[in-house]
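User: I would like to learn how to read a few features of a protein model, step by step. Could you take me through them?

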Amino acid sequence: MGERRVAPAAFRGARLRAFASTRHGMIGAVILALLAAIAIAAPLIAPYGPLQQTSASLAPPSAAFPLGTDNIGRDILSLIIYGSRASLLIGIGTALAALLIGGAVGILAGFHEGVVESLLMRVVELFQTLPAIVLVLCAIALFGSGFWILIGVVALAIWPLQARLIYGQFVRLRGREFVAAARVAGLSSAHIMLREILPNAMQPIIVQVALDASIAILIEAGLGFLGLSDPSMVSWGRLLYVAQDHMGDAWWMSLFPGAAICVTVVGFNLLADGLNEVIDPRGAAGGLP
Amino acid sequence: MLRVAGRRAVWALPLLLTIIVVMFCLLRAIPGDPVQAMVGDFPVPPAYRALIEEKYHLNDPLPTQIVTYLGNIVSGDFGYSYQNQRPVIGLILERAPRTILLASASFAIAIPLGLLLGVLAGTARRPLADKLLTTSALIAYAIPTFWLGQLLVIVFALQLGWLPTQGIGPMISRAHGFAWILERLRYLALPALAFAIHEGMRIARISRASVIDTLGQGYIVTARAKGLTRGAIIRRHILRNASLPVVTIAGYAFGHALGGAVLLETVFAWPGVGLLLVDSIRLRDNMTVIGIVIVSAIAVVVMNLVVDVVYALLDPRIRTAR
Amino acid sequence: MTAPLLDITGLKVHLHVGERIVRAVDGVDLQVAHGTCVGVVGESGSGKSTLARAAARLLPNLPATISGTAQFEGRDLLGMNERALRGLRRRHGFSMIFQDPLGYLNPTQRIGAQIGEALSDEDGAKTPRIAALLDEVGLAGARDIVRRYPHELSGGMRQRVMIAIALASAPKLLFADEPTTALDVTVQLQVLQALYRLHRERQMAIVIITHDLAVVAEICDACHVMQSGRVVESGPTASLFANPQHPYTARLLELSRRRAGVRP
């Protein structure tokens, strides 16, 4: 299956159908599609504005405030709806940034055997030595926490996963015949890396992008929870930061934003699971009679 | 076996040196007054300033500064925290045992829990049982530890009143001996549980994959051909072989937990290294921040070495190879 | 005339691979009488291993449709529950040895333990019985072998250990799936001779699965030739070799003779 150069359109259609038939993957895709719709249509569906304060502070869930209000009288439901924007943007943005960095390093290390390879992989190991959250906190302590900085910093903490994966794929494929043939044909290194090898390595990479997004969302939520995320954006983590001081008198401030994080992370993980199942249909079957 | 660990150890040293140098360069890259960057949001008297400039050779070229800093670290001098009016290393050493306690308690629950779930799911006779377990583990793993912590506090501490909400022990305690231990355990219970659920689910997922991998091995067929019961096959042939990779992952995760328990320690106001890191960041106490980063890097590197040795001890193929 | 020890009729094993169905075994009849040695020959992919695994109920847990019948001493093997199956595997039933003894021995357990756990507890102390089994398979010289791990043994020793494990339950029938393929040529013959000796001494029936007709010629009474999941020719070894009816058999014979010719 590795030698297939580029999937014909009919084959891609089959893949798509196979994906749709995995229950995991479909549930994940539906969750994410709903979240994306909510994020885009936030001003239309949110009952209140994100900064709109009402006189009812710390009000429990009711008809007027389905999920209650926070300490300064903001509607939790509306905050969660607006908060989906930050989570999804940072999740997807970071995953793509990690794909770029990890992809560049992984491809270069996987394609060039020898010094470049070992040097780059040492760099990957260096980044994996520190816990992601420590790395991120440290960077934020030194450089602040604007939206773009946040994406860059979180990507910097999680790119080694993608780099290792892509590196592994390239090492697996670089000895194959079609690569040797391309070399003999005198194609440029860039062409071989990006046009010959990369398409064959794509599927697990996409799975990793989904997983990276879920990790990034968790890290962003964690930063918000520490009060260190971008203060100008409504974020689920930040709602939990505020909730920390009201655990005794407003459980709804904790419960609902956390549940939102959870659902999103589960969505990305289910999507990744479904994609994995398509790649390797019977790979995950166990069982002992 | 020792050669593998030895090679690791040789590589660990330049790795740590690089991290230290990078951290120092980052510190120096903070725009503005370098002395202020080291001291944080704290007024610096001129006498202090002169002292710091001299100690870190701030007026000399960068390489000299780096060498000086490395020398300090090697001799155990991680700088001085002006916020806490104490040497950084003393602060960290005071906090570290608490984080180690929390992480150890959590992993003592997480490893058996994860292995159990992984073996149950991986060997399940019906695919549905496997799916159910796997999906539950997936959802539980997606729960952020700090949110789980908040929920546990709300339910078990605030609503039911069974356990204390925060901290490592009461302000004033008259308990002695066994009663003292019990009292401490009550404080440890919730943070350790929240941590254990998260890590346990990670271990469960890895265990399941490892169990399934083991199930595909020939010796499982042999075990079935011997007419062993299902339980005997799991006990004698699956558990040990499947737990080898789990040991590795759990060990690495433990190393990371020593620095990475930041969020959990914040929820429970558990005064460990993680909470110190957050407080230091809020106060811009950069010497302490960098000290913690370096110490947690050391912790990870040491844990990785320990894992390598343990792995070698568990696997006779490596143990008996010379 | 007594009933055969193993009686397989119309056995089909259809594996479901994705949307496709692979007819690994497609209607095979096979009888094995008490104390006889039967060979099943075919190239890789002919379904011979799947046939043996299905009869021994050792197929991996894959989606598959199995039909036909397989009886052991008149008892239905395919529908037998795990408990009864264990009974047969533990004592006086059947066992199996495999092509790759390294993969089929647990790398983290000592040899003694791996043989010992195949012995049933009812027959007394295990240590002397393990030693007796090792004697029987020709590993008498290596006394400390019980304390060693599989990776510390040679290929031939490992296969002898596998045979010792298989003998532990005093089986009436032994499935030998390519027992010599992974071994050096000189060792192949030794292992084969050991198998033949055990077959004679213990009156143990053997089903040998192999791609190598030379192996069959050496020890089998009867032979079945398989191609694409079906038996294309069967009969007593001597007549089948002397006068092959099916072109596939003739081709296998030709290949085998040529290989024998270049052997040192």
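User: How far is the sulfur of B:C25 from the closest cysteine sulfur?

Analyst: A disulfide needs two cysteine sulfur atoms within 2.5 Å. In this predicted model, the closest cysteine sulfur to that of B:C25 belongs to A:C138 and is 13 Å away, which is too far for a bond. B:C25 is partly exposed, because its relative accessible area is 28%. C:C223 is in no disulfide either, with the nearest cysteine sulfur, that of C:C220, 6.7 Å away, and C:C223 is buried, with a relative accessible area of 0%. A search over all chains finds 0 disulfides.

User: Which residues have the most contacts inside the largest nonpolar core?

Analyst: A core is read by following buried nonpolar residues whose side-chain atoms lie within 4.5 Å. The largest one here has 146 residues, and A:L137 and B:Y69 have the most contacts inside it. Helix α11 of chain A, residues 251-279, gives the most to this core, with 12 residues. Leaving aside residues up to four places away in sequence, B:Y69 touches B:I20, B:F24, B:Y56, B:M287, B:I290 and B:I294. Another core, of 82 residues, lies apart from it and includes B:A225, C:V41, C:A118 and C:I163.

Conventions
Residues are numbered from 1 along each chain as its sequence is written. Chains are lettered from A and ligands numbered from 1 in the order in which they are written. This is a predicted model: local features need pLDDT of at least 70, side-chain atom pairs count only at pLDDT 80 or more; totals for chains, interfaces and linings use all residues. Side-chain values use heavy atoms; hydrogens and water are left out. Buried means under 20% relative accessible area, exposed over 50%, partly exposed in between (1.4 Å probe, protein chains only). Helices (H or I, at least four residues) and strands (E, at least two) are DSSP runs, numbered from the N terminus. Contact means heavy atoms within 4.5 Å.
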